[in-house]
Each structure stands twice: as C-alpha cells, then as structure tokens.
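Could you walk me through this structure in the viewer, one selection after another? I'm new here, so please tell me what to click next and what I'll find there.

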Amino acid sequence: MAWFEIRMKSKIKWAALGGLVLSFASILVHLFLAKSSASLVQYGAATAFTEDLHYIGNPSRKGVAYRRLWGKVSALEPLQPYANPRSVSYSVPHEQNNGFIYAKIRGGFEKIRTSICDLVTVSRLLNATLVIPEILESTQSKGISSKFKSFSYLFDEKQFIAALASDVIIVKNLPSDLMEGRRQKQYPIFKPKSSSSPSFYLHEVLPKLKNAKVIGLILTDGGCLQSILPSSLVEYQRLRCRVAFHALQFRAEITEVAHRMVERLRGSGQPYLAYHPGLKRDTLAYHGCAELFQDVHTELIQYRRAQMIKQGIIKGVLSVDSFARKWNGSCPLMPQEVGLLLRAMGYPPRTRIFLAGSETFGGQRVLIPLRAMYANSVDRTSLCSKQELANMIGPETYLPPDMFEFPPTKSAKQLKEEWDKAGPRPRPLPPPPDRPIYRHEKEGWYGWIAEKESEPDPSPTDLREQAHRLLWDALDYIVSVEADAFFPGFDNDGSGWPDFSSLVMGHRLYEMASSRSYRPDREFLTKLFNSTSDHLYHPPRNWTLNVREHLNKSMAEDGIVRELHQSKQKSFLSHPLPECSCTTLKSADLMHLQKGSNLQILYGQQDECPEGLGQDLKTTGSQEITGDDTEGQEDETDTELMESDENSQVDTNPSGEQDEEMDPDD
C-alpha cells in the first residue's frame, strides 16, 4: 500500500512537471506570435476582421443576389472612356511659346488634384510652358523625407511630363536666367478664383505673360478655371480628363501600398464597398451643420464658420438652423444613417466596408453605430502595418513632441488691479474661484478653444500631419476608385469646393461608368428617415422598398442626369460627361430611346466610339455576359429579397454580448 502511494505521488509530480513545461512552451509560442504579428496588425479588430472575412459564401456563384448588390449597372455599360483629342486642328505644342507659368497650390488633396488639372489647361490656353507646381502642404512641413518633395511627394513627375508631351511642355524648374528674377519678385503674380473664365486669362493674364515671359499663380480656391467651358473649348475639357485620369499617377510607393490594401480587402475573392463619410470641419462649417454635433465640436465648427465669413468665403450669418440645413440636404449623411441604408439595400452584416478619408470630424465615436451594424468596417490603419506606411512616407527627421504651455498665472497685484478697474461701485462680490482645469482637459488639437479666442498657428507636428494626410487621402482614393461599390456620405451639390467623394465618383464614371456608385439625394433620404424616426432599426417594408428604389435609380441614368445639373456646375472632374466619353450604341439604337427620358438625355449628347474601340469592347462584353445568368433572372420579387435579407441577418448577427455593448440606440 505504501509502495502504491509513493508511486502515485511520483506520477503526480511528473504530470505537474509536464504541465509546467507545456505552459512555459505555450507562453513562448504566444510571445513569438505576438512579436511577429505586431508589425502586421495595429488594432485588435484587425484579427477579427481577417477571421470574419472568410465567412461569406462562395464568391464564384455570382447569382441574382450577388448581382443585385455588386453587379454592374446594365444601362450604363455602353458608356466608355474616350478622352483623346477629336479635333483635327489640335496641334502639338512648340518650344517657341509665350513664356513660363509657375504656381503654388495651397489646400488639401481635393484642391491639389483639381488645381493641377486647371493649371495644365490654362497653360495650353495661353500657349505657355508649365513649371511643375509646388504643393505647399508638403513644402511647409519641416523634416519630411528629402527623397520626396513638393509635387513628387504625391505624384510621379516623369509620368506627368511624358503623358502630357503632346499637350503642354512641362519642365521641372525655370531656366537659370529667369530664376533670379523670381527670387527678386520681378514677375507678376495672380491669385485666380476657381470661377475664372477663359476671357480673364486671354485679356488680362496673356498680355503680361508676353511682356514679362514669366508669371506666377497662387491657387487657394481648389482650381483656377471655371468648370463649364464654351463648346468651342471642348478639347480643353478633354485635356482636363487626360490630366486627371492618365497623367496624374501617384508615385510607385503609394500605388504599391494601395494595391496591397485592395488585395487584402478582396481576400478569398470577396467584394468590398468603399464609404467616405465626408465629415470634414470645413465642409460642416461651410454648410452650417454645427448643431449636429455636441460640446467642443460645435464650437470648433462655429469658429471655422466665423473665419469663412470674415474671409468672404461665406456670405451669410454665423448662427444657422443646422436641422433645417439637414432637412434640405445640405449636411452630410451620418454614418448611422448610411449603415441603415446599406442594411435596407440588403448588404449582410459581414460585408467588407472600407472607411476612406484622412479626416472624420467627431472621431471614431461617430462611426460606432456603423461598426455595430457592419463589424468588417476597416480603414488603412487596419489593412497596413506601421512599417508599410513608414516606408511609403520615407525617412524623416525627428521632431520633439509638442509640449503644452500653460497660460501665465496672474500675480496678486495684477488681480487687484483688475478688480480696481472693474467699474463703478457698488460692485457685487467676486465669484468664487473656478474649478481648476486639469492638464488632460487642455491638451489635444481642441484644447485652445477653452482659453483662447483665436486658433493657434499650427506647430511643426501639425504641419507634418497635414502632409501625411495627403498620403492617406491618396491611398484612400485608389482603394475607393477600385472598389466594387462606392457610397458617399457627402458629395458636391454645386456649392463649396471639390470634395473627395465627387472626385472619386467622377473617376469611376469615366473609367467604368457601369460600376456601382451610389449618388444619394440627401434631401429625399432625410425626409424618409424622418418619416420612420421611431422605427429606424425596424422600419416598415414600404420604407425599405422606397430606399432600394431610390438608391438603385441613383446609380443609373437618373442619378447621373441629376449630378449633371448639380455637381458639374462646380467641378468638371466630378462629372466628365459627355466630353470625355463615347457610346457603343449605334445611331439606330438611339432612335428607339424615349424622347425626353434620362437615357435619351444621357446618350443623345455622346459621340459614337471609334470602330476599333467599339469592337474590342463588344468582344469583352460578350465574354462577360456568357459567364452570368440571363437578364430575366434579375427580376426577383421584393418579397423574396426581404426574406433573404432577414435570413442573412439572423444567421450572421453577432453575439448578444456584442449587441448589448455596441447598441447604436444607447
């Protein structure tokens, strides 16, 4: 018996020792995995994103439900990109011209892209040589990579010069004999608006260019030439398209990272939807949407609006009814509303959504309702490692962190002097001392608003972050253009300045008009939301059908014709039709279109594609059609769609604990 007990104790010791060894080995394995994956994952959500991505069904079966959410818009398939010159008199530029134009561009990604296109067009109009423009957002930042400067911080200079060789002569710098005159400010400088007409350049700028041989342009308005040009200058509109969609290629480091992001989003052959919230401080201030936010965010928007009024950008009052602006469609759709619209369209909860935009005013808090409905909502930080982003930025000099400076404390003598000068007696007793404002309440990009009446000048760190935002927007632009579907939270409605979503939708419209780009009417959708405000998460069936009908129409000819009358008035690149496209439809086919219909308006202005281009497109189109089901199968009843949506939501809902934690109604 004693021998048996000793033997059992020995076995227990060996088992305990084995357990300790296994535990130690497990810890080592976990440490190794954590260290090796730290450079690939920045947020814990990225791990869940990767696991969830493989849930969606077999993507090779592109049936009716798949095409309803991701398929091409059949009514727009005849539209094809065609921005080549069509006039016989369009000549190649000569070196013996009127002089040189150099320019400085101030503003964000959207303004830079639009301004460069206008600069090339103006240079062609004035028969001048264009010097590669300077991008001030990058040149003002101290210590950024010496490898990428100014224009090359974003774009490929060699590609830009070579692609436009038949349109405009472009050089990297002014000749040495003219550079000295620029340093001494001998040449005339103009600050044109985005609404400047061709006659302004021909009658006011051209004489001074011929006289001085060099002029400078400073662009701060998101362009320097009006969007709509006379029909006699249609070739200049096509030149804008060649610049925006062919010549302005991002540098190789940006393109490589962006394509890697697209590959990761399309892992396992799954599609993805890109969504740009459009919640930018300048946009919200311009349209008077401050009251849609709370606390410090409202004050920041109102301060920016006051600045715009003072600068003459806005002709209006400071305080406006934000909810009235929201009602008429002037304010962006909130992420919660976009999530409800996507759910009404039938997108399952595990749909991959890419959140574009370098700035989302309000921070991650405003995105919580969308992430609660769609857990696979990710941005560039979830798809790229820190090392990948650092390699794209390039080597930078170290900047010391911005130290918060407390306001100088007032001495007892200063306080007494202020009290003595406080007005006639009798005076009430001074108020009790305020609660001390702690350090964590003052720090951050908004801390100044608690103590100062004017926004402080940007620090070196702020300037570097502004330069980095250009790179983030470039990445998001490529991923959004390549997306299987795109949904804008806000797009240009003919007021303000070019915005990110409008440029993306214009690029998608040019490159592949039949791609799914939603063009929601915010005024119509706001009224729909108000009609069922008490049942947003369980709306009636008619509400869902109205949303689907509106959004489906917005992708097709109805949405394009509406954008023709709104966005194009302010930004040509947001709607480059009909100047930069052609149709594969024959004139005989156009005769069958209903007169006055949106299809007739859309295709009636289009030129027929050249014979060779049309033949190639027919071949590829026939190959695509044979791989899909017949068109008649798409006529699925709304009842079946609703049932399929309910089933998908039941099967893919997250756990009850997650619902309780991230309930948007809380």
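Start by selecting Cys241 and Cys580: the two form a disulfide, with their sulfur atoms 1.9 Å apart. Keep in mind as you go that this is a predicted model. Look along the S-S bond of Cys241 and Cys580: the torsion there is about 90°, so this disulfide is right-handed. Now colour the surroundings by element. Cys241 lies in helix H9, while Cys580 is in the loop between helix H24 (557-566) and strand E13 (581-583), so the pair ties together parts that are 339 residues apart in sequence.

How many disulfides does the structure hold? There are 3 disulfides to find. Select Cys289 and Cys331, which are joined by another of them, S to S 2.0 Å. The link of Cys289 and Cys331 has -100° about the S-S bond and is left-handed. Trace the chain on either side: Cys289 is in the loop between helix H11 (281-286) and helix H12 (296-311), and Cys331 is in the loop between helix H13 (322-327) and helix H14 (335-345), so the pair ties together parts 42 residues apart in sequence. Cys289 and Cys331 are both buried.

Then go to Cys582 and Cys609, a disulfide with its sulfur atoms 2.0 Å apart. The torsion about the S-S bond of Cys582 and Cys609 is about 90°, so you're looking at a right-handed disulfide. This pair links distant parts of the chain, 27 residues apart: Cys582 sits in strand E13, and Cys609 in the loop between E14 and helix H27 (611-627). Once again, both Cys582 and Cys609 are buried.

If you count the bonded cysteines along the chain, the disulfides follow the pattern 1-4, 2-3, 5-6. Cys224 has 0% relative accessibility, so it counts as buried. Cys384 is buried too, with a relative accessible area of 1%.

**Back to helix H9**

Select residues 234-247, the helix that holds Cys241.

Is H9 enclosed or open to the outside? Of its 14 residues, 12 are buried, so H9 is largely enclosed by the rest of the structure. Among the buried ones are Glu235, Tyr236, Arg238, Leu239, Cys241, Val243 and Phe245. To see what does the covering, show helix H4 (109-125), helix H6 (157-163), helix H21 (500-511) and strand E14 (607-608), which are included in what covers the buried residues of H9.

**On to the aromatic rings**

A search of the whole structure finds 14 aromatic pairs. For one of them, select Phe155 and Phe250: the ring centres are 5.5 Å apart and the planes are at 20°, so the pair is stacked. Phe155 lies in the loop between helix H5 (136-139) and H6, and Phe250 in the loop between H9 and helix H10 (252-265), so the pair ties together parts that are 95 residues apart in sequence. Phe155 counts as buried at 2% relative accessibility, and Phe250 is buried with a relative accessible area of 9%.

Phe250 is in the loop between H9 and H10 and Tyr477 is in helix H20 (residues 460-482), so to speak a link between distant parts of the chain, 227 residues apart. Tyr477 counts as buried, at 2% relative accessibility.

Now widen the selection: Phe109, Phe151, Phe155, Phe160, Phe250, Tyr477 and Phe500 form one aromatic cluster.

**Last stop: arginines over rings**

Select Arg124 and Tyr90. Arg124 lies over the face of Tyr90, at 3.9 Å from the ring centre. Finish with Arg251, which lies over the face of Tyr153, at 5.8 Å from the ring centre.

Terms used: Residues numbered from 1 in each chain as written. Predicted model: local features only at pLDDT ≥ 70, side-chain atom pairs only at ≥ 80, totals over all residues. Heavy atoms only, no water. Helix = DSSP H or I, 4+ residues; strand = E, 2+ residues; numbered from the N terminus. Expected span 1.5 Å × (residues − 1). Buried < 20%, exposed > 50% of the residue type's maximum accessible area, 1.4 Å probe, protein only. Contact = heavy atoms within 4.5 Å. Disulfide = S-S within 2.5 Å. Phe/Tyr/Trp six-rings, centres within 6.5 Å; stacked < 30°, edge-to-face > 60°. Lys NZ or Arg CZ within 6 Å of the ring centre and 35° of its normal.
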